[in-house]
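Please look at the model below with one question in mind: how do parts of a chain pack against each other? Take a moment to view it before reading on.

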Amino acid sequence: MDTKTHFAANLPKPGDSLASLSTPIPVIDEDRLAANIRRVQSYMDEHHLAFRPHIKTHKIPALARQQVEAGARGINCQKISEAEVFAAQGFEDILITYNILGDAKLQRLANLNDRISGIKVVADSIVTVTSLAAYFTGRKPLTVLVECDTGGGRCGVQTPDEAAALARGIAASRSLVFGGLMTYPKPDTEEAVEHFFIATMAYLAIDGIDCRIRSNGGTPSLFRAHLVPSATEHRAGTYIYNDRAMARAGHCTLDDCAMHVLATVVSRPTPDRVILDAGSKALTSDLLGFSDYGHIVEFPDAVITSLSEEHAVVDISGIDGIRPEIGERVRIIPNHTCVISNLFDRMTFHRDGIVTRVEDVAARGLVW
């Protein structure tokens with residue numbers, strides 16, 4: 001038996017018990033996953049908002065299909081290579097929320113624009129717009145949204161006046177189509193987003209420029225999206241799995257977290273310290289404001305104090321009563337679930353501890 005055949009024979013398969021799986025391994029609870037999709041889509045439907053899931057959380061076409069079948073309208077990708085994977089699986093309405101620069105990327109974008117009907121990108125500078133306009137001259141026109149910084153402090157034009165000016169530049173180009181506005185705001189800043197959108201739309205109305213899409217985003221304050229009535233759609237990714245950061249933000253509870261990383265206690269060097277087999281190659285090193293690296297479900301008073309590549313160091317001094325022993329398995333809720341998806345080739349799904357399916361993380365590593 002060659003190495004590949006041997007490896008494949010030891011992969012999880014439907015019907016396996018989670019207790020039989022080699023660790024560390026991320027596992028997804030099917031019922032929690034479905035409930036998360038249903039809960040958010042119901043909210044969007046109630047408030048007549050188009051919903052555009054961000055697939056960077058899972059990078060799996062089968063899950064995007066579940067989201068669309070539940071009622072989502074289109075998907076959000078972060079990079080061209082991600083979008084290519086999903087376009088190949090039949091997705092047409094794709095928004096890439098990233099400034100795209102350089103001939104190699106523009107060529108891939110042009111090919112994608114020729115293949116599907118609904119590709120859209122964003123831009124936040126005249127440099128990006130000029131580059132797009134020049135490259136798409138003589139080609140199928142490309143739809144471009146203006147990215148706006150409504151307080152998130154990342155990319156985006158800084159004022160409604162700047163947004164309108166950039167929109168005018170896009171609308172004036174023969175090779176581009178102005179699609180609207182897009183923002184990724186700080187949580188709980190709906191008033192600021194609404195003000196920015198309304199002010200920009202007023203400027204554009206003077207010039208008779210239609211602002212068809214107003215795309216708001218984010219999971220943490222997702223259930224306040226209706227407080228931005230001028231938005232036509234909302235984007236969110238993490239909600240499908242949820243994680244420790246989303247629970248802290250009040251978006252969900254720990255019981256709504258569909259992803260756990262299964263790990264095994266491989267050492268207990270002292271009475272107050274254990275070592276897990278899930279290091280930085282299995283758990284994200286993102287702290288996101290936490291002082292530790294994940295929540296251990298079975299031992300909530302344990303603290304994952306540090307990660308090396310293959311080891312997680314856990315302080316168990318705060319546990320009263322029974323403490324984890326060598327060979328024991330635990331479930332970890334990660335601080336940031338999206339990063340976990342990019343650490344593994346596949347995701348194992350289960351219901352009540354029995355494997356239901358295994359899905360390739362088709363867009364894993366596609367970060368350009």
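Predicted model: local features only at pLDDT ≥ 70, side-chain atom pairs only at ≥ 80, totals over all residues.

## Domains

The chain is divided into domain 1, made of residues 3–28 and 252–360, and domain 2, which covers residues 49–241. The C-alpha centres of these two domains lie 35 Å apart, and 14 residues of domain 1 are in contact with eleven residues of domain 2.

The buried residues are Ile 80, Ser 81, Glu 82, Ala 83, Glu 84, Val 85, Phe 86 and Ala 87, and what covers them includes helix 3 (61–70), strand 3 (75–77), strand 4 (93–96) and helix 5. After helix 4 comes Gly 90, which has a positive phi, near 100°.

## Packing against helix 5

Two packed helices are described by the angle between their axes and by the distance between those axes. For helix 4 (residues 80–88) and helix 5 (residues 103–115), the angle is about 25° and the axes are 10 Å apart. Angles under 35 degrees count as roughly parallel, and helix 4 and helix 5 are therefore roughly parallel to each other. Their crossing is left-handed.

On the side of helix 4, the contact is made by Ile 80, Ala 83, Glu 84, Ala 87 and Ala 88, while helix 5 contributes Lys 105, Arg 108, Leu 109, Leu 112 and Arg 115. Sorted by class, this contact has six nonpolar and four charged residues, with no polar ones.

How values were computed: Residues numbered from 1 in each chain as written. Heavy atoms only, no water. Axes fitted to C-alpha atoms, helices over the stretch in contact; angles between N-to-C directions. Helix = DSSP H or I, 4+ residues; strand = E, 2+ residues; numbered from the N terminus. Parallel < 35°, antiparallel > 145°, perpendicular 65-115°, else oblique. Left-handed = near helix turned anticlockwise from the far one by under 90°. Contact = heavy atoms within 4.5 Å. Nonpolar A, V, L, I, M, F, W, Y, C, P; charged D, E, K, R; others polar. Buried < 20%, exposed > 50% of the residue type's maximum accessible area, 1.4 Å probe, protein only. Domains from an automatic or database assignment.
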